[in-house]
Amino acid sequence: MDSSQGSKLAGLVQNASIKRDGSSLDRVPVYVKELIAGGFAGALSKSSVAPLERVKILWQTRTGGFHNLGVYQSMNKLLKHEGFLGLYKGNGASVIRIVPYAALHFMTYERYKSWILNNYPILGTGPSIDLLAGSAAGGTSVLCTYPLDLARTKLAYQVVDTKVCIKDGIKGVHSQPTGPVHNGIKGVLTSAYKEAGVRGLYRGVGPTLTGILPYAGLKFYTYEKLKMHVPEEHQKSILMRLSCGALAGLFGQTLTYPLDVVKRQMQVGSLQNAANGDARYKNTLDGLRKIVRNQGWRQLFAGVSINYIRIVPSAAISFTTYDMMKAWLDVPSQQRSKSV
C-alpha cells in the first residue's frame with residue numbers, strides 16, 4: 001500500500017462518517033465513542049500478535065524447554081504439543097483485558113488531555129501534553145484492569161506436555177500439564193485471591209506501573225511528535241499512521257522492557273519451581289537485582305527480539321484503528337476551550 005492509496009482509504013472512512021445519517025451517533029456522548037474506538041483498536045491489535053505474545057511470556061518466565069529456543073522453534077513446539085489453539089492460549093483473557101484497558105486508556109487520555117489544556121494553558125498545546133496525558137491514562141487503565149493481565153499471564157505460562165504411549169498394544173497420545181493447572185480466568189483469579197487476598201490479584205503491579213507511566217507517555221508523545229513532521233498532504237495517509245504508530249511503540253517499549261520481565265516473573269512466582277530460583281521479589285528494584293544476580297543481565301531482555309516483531313504491528317494497528325474509528329464516529333479533536 002503506497003501513500004496515495006493510504007490517503008484515499010482514510011478519506012473514504014472520513015467521507016463515510018460525513019455522508020451517513022449521524023442523528024443516532026450525535027446523541028452518544030463523546031467519551032462513549034472514545035471507549036468504543038479504543039476498545040476495538042485494542043482487541044484488533046492484541047489478537048493480531050497473540051502467538052508472538054505467548055512465546056514472549058514463555059521466554060520471560062524461563063519456562064523449561066522454551067527459553068533456549070528461537071521464535072520459529074518455540075511456535076513449532078507449541079503446535080506439536082498443544083495444537084494450533086495452543087498459540088492462542090491466554091488470548092481470551094488477553095482480549096477480555098485489553099478491550100476495557102485500551103478503551104479506558106484512549107478515553108482517559110482524551111479526558112486528561114482536555115483537562116490539562118483547559119486548566120494549565122501555561123504548558124502550551126504541543127506533544128508535551130500528550131506525554132503527561134498518556135502517562136496518567138496508562139496508570140489509570142492498568143489499575144482498573146490489572147487482575148485480568150495477571151490471569152492472562154498465568155494461563156499463557158501453563159504448558160502441556162504431549163507424549164505418545166502404548167497400552168495393550170494400542171498407540172495413543174497422553175497430554176499432561178507440566179505445572180499447576182488453572183481452569184480459565186475465574187479459576188486463576190479465585191486461586192490468586194485465596195492465596196494472598198487482594199494483594200494476590202495485584203502481584204507485579206509495582207513494575208507494571210513503573211513501566212507503563214513512561215511507556216504510555218512516550219508512546220503518545222512520539223506518535224504526535226512524528227505526525228507533526230509529516231507533510232500536510234500525507235496527514236490522512238494510513239501508511240503514515242501505521243509508520244508513526246510502529247515507531248512510537250518501538251521507542252517506548254525499548255526503554256521500559258526490563259520492567260516488563262520483572263512483572264511477568266512476579267506474576268508467575270507462585271507457579272515456578274525451585275529450579276528457576278526464588279521468584280518472589282519484594283519490589284521492582286529487588287526483582288531487578290535478583291534477576292541480574294541469579295539469571296544474568298541478559299534475562300532482563302529475554303524475549304526483546306520477539307517483542308520488537310510483536311510491538312511494531314501491534315502499536316501500528318492500535319493507533320491507526322483508533323484514529324480511523326474516531327473519524328468514523330465523528331469524535332472531535334481535543335482543543336483548549338474557553339471554559340473548564
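## Briefing: a helical protein and its aromatic cluster

E53 touches K46, R152, R264 and R310, leaving out residues up to four places away in sequence. Welcome to this predicted model, which has 12 helices and 2 strands. Of its 340 residues, 50% are buried.

- E53 sits in helix 4, which covers residues 50-60.
- Is E53 buried or exposed? E53 counts as buried because its relative accessibility is 4%, and the cut-off for buried is under 20%.
- R97 belongs to helix 6, spanning residues 91-119.
- With a relative accessible area of 8%, R97 is buried too.
- Apart from neighbours within four places in sequence, R97 is in contact with K46, T145, L148, D149 and R152.
- R97 and A43 lie 54 residues apart along the chain, and their C-alpha atoms are separated by 9.0 Å.

**Aromatic pairs**

- How many aromatic pairs does a search of the whole structure find? The search finds 9.
- One of the pairs joins F84 and Y88: the ring centres are 5.6 Å apart and the planes meet at 50°, so this pair is tilted.
- F84 is exposed, with a relative accessible area of 54%, whereas Y88 counts as partly exposed at 31% relative accessibility.
- F220 and F319 form an edge-to-face pair, with 5.6 Å from centre to centre and 90° between the planes.
- This pair links distant parts of the chain, since F220 is in helix 9 (residues 205-228) and F319 is in helix 12 (residues 304-328), 99 residues apart.
- Both F220 and F319 are buried.
- F220 and F319 also belong to one aromatic cluster, together with F106, Y109, Y223 and Y322.

**Helix 6 against helix 9**

- At what angle do helix 6 and helix 9 pack? The angle is about 60°, and the axes are 13 Å apart.
- The crossing of these two helices is right-handed.
- Helix 6 makes the contact through Y101, H105, F106 and Y109, and helix 9 through I212, A216, K219, F220 and E224.
- F106, Y109 and F220, named in this contact, are members of the aromatic cluster as well.

**Helix 12**

- Helix 12 has 25 residues, which at 1.5 Å a residue should span 36 Å; the end C-alpha atoms are 35 Å apart, so the two values agree.
- Where does the kink in helix 12 lie? The kink, of about 25°, is at R310, shortly before the proline P313.
- Helix 12 is mostly covered, with 18 of its 25 residues buried.
- After helix 12 comes D330, which has a positive phi, near 60°.

**The overall picture**

- Reading from the N terminus, the elements run α-α-α-α-α-α-α-β-β-α-α-α-α-α.
- Counting contacts between residues at least 6 apart in sequence, 78% join residues at least 24 apart.
- The pair of F220 and F319, 99 residues apart, is one link between distant parts of the chain.

Note on methods:
Residues are numbered from 1 along each chain as its sequence is written. This is a predicted model: local features need pLDDT of at least 70, side-chain atom pairs count only at pLDDT 80 or more; totals for chains, interfaces and linings use all residues. Side-chain values use heavy atoms; hydrogens and water are left out. Helices (H or I, at least four residues) and strands (E, at least two) are DSSP runs, numbered from the N terminus. Buried means under 20% relative accessible area, exposed over 50%, partly exposed in between (1.4 Å probe, protein chains only). Contact means heavy atoms within 4.5 Å. Rings of Phe, Tyr and Trp (its six-membered ring) pair if their centres lie within 6.5 Å; planes under 30 degrees apart count as stacked, over 60 as edge-to-face and the rest as tilted. The expected span of a helix is 1.5 Å times one less than its number of residues. The bend at a residue is the angle between axes fitted to the seven residues ending there and the seven starting there. Axes are lines fitted to C-alpha atoms, for helices over the stretch in contact, and angles run from 0 to 180 degrees between N-to-C directions. A crossing is left-handed if the near helix is turned anticlockwise from the far one by less than a right angle, and right-handed if clockwise.
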